[in-house]
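Trainee: Hi, could you walk me through this one? I'd like to go piece by piece.

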Amino acid sequence: MVSKYRYGFLQGTSYKDKTVSNLISGEFDYALLSSSWDRRCLSLTNTTSLKSKNSFVILPLLRDEYGLREKHDQIITKYAKDISEFCKIKDISSTGGIFEMWQILVEDIKRAFYNNKKPLKVLIDLTTCIRYFSLGFINQGLQSGMVKEFTIFYSEGIYPEEKTEQDKHELFTTGGWDVTPIPGLEGEWNPDKNRLYLVSVGFEGSKTLRLISRNEPDQVSLLFPEPGVKKEYVKRASELNEPIIQRFQIPKSQIIRSTAGDAIEGWKSLTEASIEEPDKNNVYYACCGTKAHSLALTLRAMVLRYPALLYIIPGSHRPVDTDELGIFWRYDLKDMSSIGG
């Protein structure tokens, strides 16, 4: 165990290991998996001691020039069918079809819940899953009572170096960014209040700056990945996000630093900082950094309810050949109010 934290009804625990099978095993009622050109989408398939009654596999429509998607799709779908009794596989546009796919996913979760006749034990591979679905599922599942506990898997990655000017400004996405709230986390809004943006940041600083500037916030705070997955990533992220700090004159007290891969530590750090000031601010959380920090923002939003959690919709995803680092995380989430905790 690395971190453990409880706030309100929700308890989270994080674990880290260099072997997937040491982290993930046993039986689940539902598993959410996703394919990608990112080689980390296969990390979970390295455990053979996993079973699930139901599985749902997301296959994004965008392909890559290396042929990785064709290979990975076959491996992921075979694995899902092997580990589960009932498997649903759906193609999805990660930029234009998320709302329709969300309804399909929700209906499938309800089907599994009613068939199970009790709250579900759910596994999510957060690594390459579209955040709109993974984060929305976590919120919807716990808030509705359909899920009693989540086990969330995450594989840390080795990211490509900046070889071109495009790499510096469009490492993972191309075109502009739009935003939409995560389902069930639309937040509260009062026209008489200021706008506070709390933003998790990573390697796309220039796009993050444009997104924030467009919304003209009164205050900006950052969730920064430090320590990083690798030591050099901290310097890289600092350089890429320095323009944001300068543009909005963000003081050090408004920069929350937390381990890049530990969602539970990130949630605890956000809570201890408590920078939201809801009496005077409309609060927006923007998920522009690591998946783990997106989960941290989700957990904070779930217990507070008033922040809006924003999912970034890119103009297009840019296929990047990302490999696994060999460090794996598991985050366990439980609704303590439903189990007498």
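**A walk through the model**

Mentor: Pro227 sits in the loop between strand S10 (219–225) and H7. Helices here are DSSP runs of H or I with at least four residues, strands are runs of E with at least two, and both are numbered from the N terminus. This is a predicted model, in which local features need pLDDT of at least 70, side-chain atom pairs count only at pLDDT 80 or more, and totals for chains, interfaces and linings use all residues. Residues are numbered from 1 along each chain as its sequence is written, and side-chain values use heavy atoms, with hydrogens and water left out.

Trainee: What joins Glu226 and Pro227?

Mentor: A cis peptide bond, with omega at about 0 degrees.

Trainee: And at what angle do the axes of H6 and H7 cross?

Mentor: Helix H6 (residues 205–214) and helix H7 (residues 231–248) cross at roughly 25 degrees, and their axes come within 7 Å. That makes H6 roughly parallel to H7. The axes are lines fitted to C-alpha atoms, for helices over the stretch in contact, and angles run from 0 to 180 degrees between N-to-C directions. Angles under 35 degrees count as roughly parallel, over 145 as roughly antiparallel, 65 to 115 as roughly perpendicular, and the rest as oblique.

Trainee: Which residues in H6 and H7 meet?

Mentor: From H6 there are Gly205, Ser206, Thr208, Leu209, Ile212 and Ser213, and they meet Leu240, Asn241, Pro243, Ile244, Arg247 and Phe248 in H7. Contact means heavy atoms within 4.5 Å.

Trainee: What is phi like at Glu216?

Mentor: Phi of Glu216 is positive, near 45 degrees, in a residue other than glycine. Glu216 is in the loop between H6 and S10, and at 55% relative accessibility it counts as exposed. For those words, buried means under 20% relative accessible area, exposed over 50%, and partly exposed in between (1.4 Å probe, protein chains only).

Trainee: How about Glu277, what phi does it have?

Mentor: Glu277 has a positive phi of about 50 degrees, although it is not a glycine. Its place is the loop between helix H8 (263–273) and S12. With 40% relative accessibility, Glu277 counts as partly exposed.

Trainee: Let's switch to H3. How many residues does H3 have, and how far does it reach?

Mentor: Helix H3 (residues 98–116) has 19 residues and reaches 26 Å from its first C-alpha to its last, close to the 27 Å expected at 1.5 Å a residue. The expected span is 1.5 Å times one less than the number of residues.

Trainee: Which residues in H3 are buried?

Mentor: Ile98, Met101, Trp102, Leu105, Val106, Asp108, Ile109, Ala112, Phe113 and Asn116 are buried in H3. Seen down the axis of H3, the buried residues fall within an arc of 165 degrees, so they line one face of the helix. That arc is taken from the directions from the helix axis to the C-beta atoms.

Trainee: And what does the face of H3 turned away from the buried side carry?

Mentor: The exposed residues Glu100, Tyr114 and Asn115. Just after H3, Lys117 takes a positive phi of about 65 degrees.

Trainee: How does H3 pack with H4?

Mentor: H3 and helix H4 (residues 131–144) pack at an angle of about 40 degrees, with axes 11 Å apart. That makes H3 oblique to H4. On the H3 side the contact is made by Ile98, Phe99, Met101, Trp102, Leu105, Val106 and Ile109, and on the H4 side by Tyr132, Phe133, Gly136, Phe137 and Gln140.

Trainee: New topic, H9. How many residues of H9 are buried?

Mentor: In H9, 14 of the 14 residues are buried, so the helix is largely enclosed by the rest of the structure. Arg300 is in helix H9 and counts as buried at 3% relative accessibility. Leaving out residues up to four places away in sequence, Arg300 touches Tyr7, Trp267, Leu270, Thr271, Ser274, Glu276 and Tyr285.

Trainee: Last one: where is Ile124, and what does it touch?

Mentor: Ile124 lies in strand S6 (residues 120–125) and is buried at 0% relative accessibility. Not counting residues up to four places away in sequence, Ile124 touches Leu32, Ser134, Phe137, Ile138, Phe150, Thr151, Ile152 and Phe153. Ile124 and Ile152 are 28 residues apart in sequence and 4.8 Å apart in space, C-alpha to C-alpha.
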